Amino acid sequence: MGSQVPLEPRGRDSGPVFSAVAPEIIEDTLIHLATENEQYLSELPEQAGYFKETRIVEFIFFLSEKWHLDQSTRYQAVELLERFMIKQVEQMCDGRGSAKGRDQGQRSSWSSVRDQITKTFVLRLVSCVQLASKLSLHYSELLESELAVLNALHFHISVSTPLAYVELLLEVLGYNGCLLPAKPLHQLCVQLLDFCYLTRETIYDTLLKIAIENSTPSKLQIAKFLTVKEDFMLLAVGVISTGVFILSPGHWEQVVEHLNCITGITPQSILEFSYAVVRCIVGSTTPEQHRGNCGAKSPEDRIPPQK
């Protein structure tokens, strides 16, 4: 028998090719992503993030690795599942009326919804991974469960993922003259993005406590902080900043300044996000806070101080 030919990952390429796109196209794409991100945050449902807990993300990442899917597919699948499950819960609750009855009746209704969701959850999760894969590979065949997801989302499934923000910002940094090792930095950013998905609650809990300078946030502060947790631009900027800090610390301050100019996110906010990620990776004590004087909105600007 001859030597076994190694299996080529399905749909996976060697990564993006930087400095191959015209600057005006990059600028238009950046504006489009920023507008899309702001619109999403302005219409954010209160259940956002509920279906991004670690066990769910780990399962999606596992399937993506097992099926040799490309990097963007895993993030697309997480976002598709999140949006679909929120829509499904809303539709199921609405279908049971406006729940104006007794508390016991409301609890019974929710219990029924939860049981129904549980029965099909793994199937829906797998369908979202398959849909994300087919978006990547331009497949046309769809199974019944996949059609259920498509129908609930009104066939609007082409969602920009945080990876798209990361790759575009890396491209802009290159055009702005930041001498960074593009390919190693991109690979590290993908690893950090995975890490941020898998340790989402820990990272954002740290970030919230830094923002309010208090270890016990109120319910109102937690609710207001939801827009920070779902901000793809902030996530991408934080991932790049952390990657540069690890890979090329001598360029870190320059990169933070560029990211601030590109996105309007304050250097202080970028610092705090990077600190939250690094702390989650290695563990640390609270750093000395350096408050910037920039006028753009930072995470702490979006939440009221605790009374």
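K209 and D205 both belong to helix α8, where four residues, about one turn of the helix, separate them. The model used in these exercises is predicted.

**Exercise 1.** Work out what joins the side chains of K209 and D205, and decide whether each residue is buried or exposed or in between.

*Solution.* Begin with the general rule that an α-helix has 3.6 residues a turn, so residues three or four places apart point the same way. The side chains of K209 and D205 meet in a salt bridge, with 3.1 Å from N to O. A residue counts as partly exposed when its relative accessible area lies between the 20% limit for buried and the 50% limit for exposed. K209 has a relative accessible area of 31% and is therefore partly exposed, and D205, with 34%, is partly exposed too.

**Exercise 2.** Find the salt bridges that E201 forms, and state which parts of the chain the pair with K229 links.

*Solution.* E201 forms a salt bridge with R200, in which the closest N and O atoms are 3.8 Å apart. E201 also forms a salt bridge with K229, and here the closest N and O atoms are 3.3 Å apart. This second pair links distant parts of the chain, since E201 is in helix α8 and K229 in helix α10, 28 residues apart. As for accessibility, E201 is partly exposed at 43%, whereas R200 is buried at 7% and K229 counts as buried at 18%.

**Exercise 3.** Describe helix α8 itself, including its extent and the elements against which its buried residues pack.

*Solution.* First, α8 has 13 residues and reaches 18 Å from its first C-alpha to its last, which is close to the 18 Å expected at 1.5 Å a residue. Next, its buried residues include R200, Y204, L207 and A211. The buried residues of α8 pack against α7, α9, α10, α11 and α13. Finally, the helix is followed by E213, whose phi is positive, near 55°.

**Exercise 4.** Determine how many cavities of 30 Å³ or more the structure has, and what kinds of residue line the largest cavity.

*Solution.* A search of the whole structure finds one cavity of 30 Å³ or more, and about 90 Å³ of space lies in the largest cavity. Its lining includes R200 and Y204, together with K229. Helices α7, α8 and α11 each supply at least two residues of this lining. Sorted by kind, the lining residues are five nonpolar, no polar and four charged.

Key:
Residues are numbered from 1 along each chain as its sequence is written. This is a predicted model: local features need pLDDT of at least 70, side-chain atom pairs count only at pLDDT 80 or more; totals for chains, interfaces and linings use all residues. Side-chain values use heavy atoms; hydrogens and water are left out. On a 1 Å grid over the protein atoms alone, a cavity is a set of points where a 1.4 Å probe fits but cannot get out, and a pocket is an open set with protein on both sides within 12 Å along at least five of seven lines; lining residues have an atom within 4 Å of a point. Grid points are joined across faces, edges and corners, and a volume is the space filled by probe spheres set on the points. Ala, Val, Leu, Ile, Met, Phe, Trp, Tyr, Cys and Pro count as nonpolar, Asp, Glu, Lys and Arg as charged, and the others, Gly among them, as polar. The expected span of a helix is 1.5 Å times one less than its number of residues. Buried means under 20% relative accessible area, exposed over 50%, partly exposed in between (1.4 Å probe, protein chains only). Contact means heavy atoms within 4.5 Å. A salt bridge is a side-chain nitrogen of Lys or Arg within 4 Å of a carboxyl oxygen of Asp or Glu.
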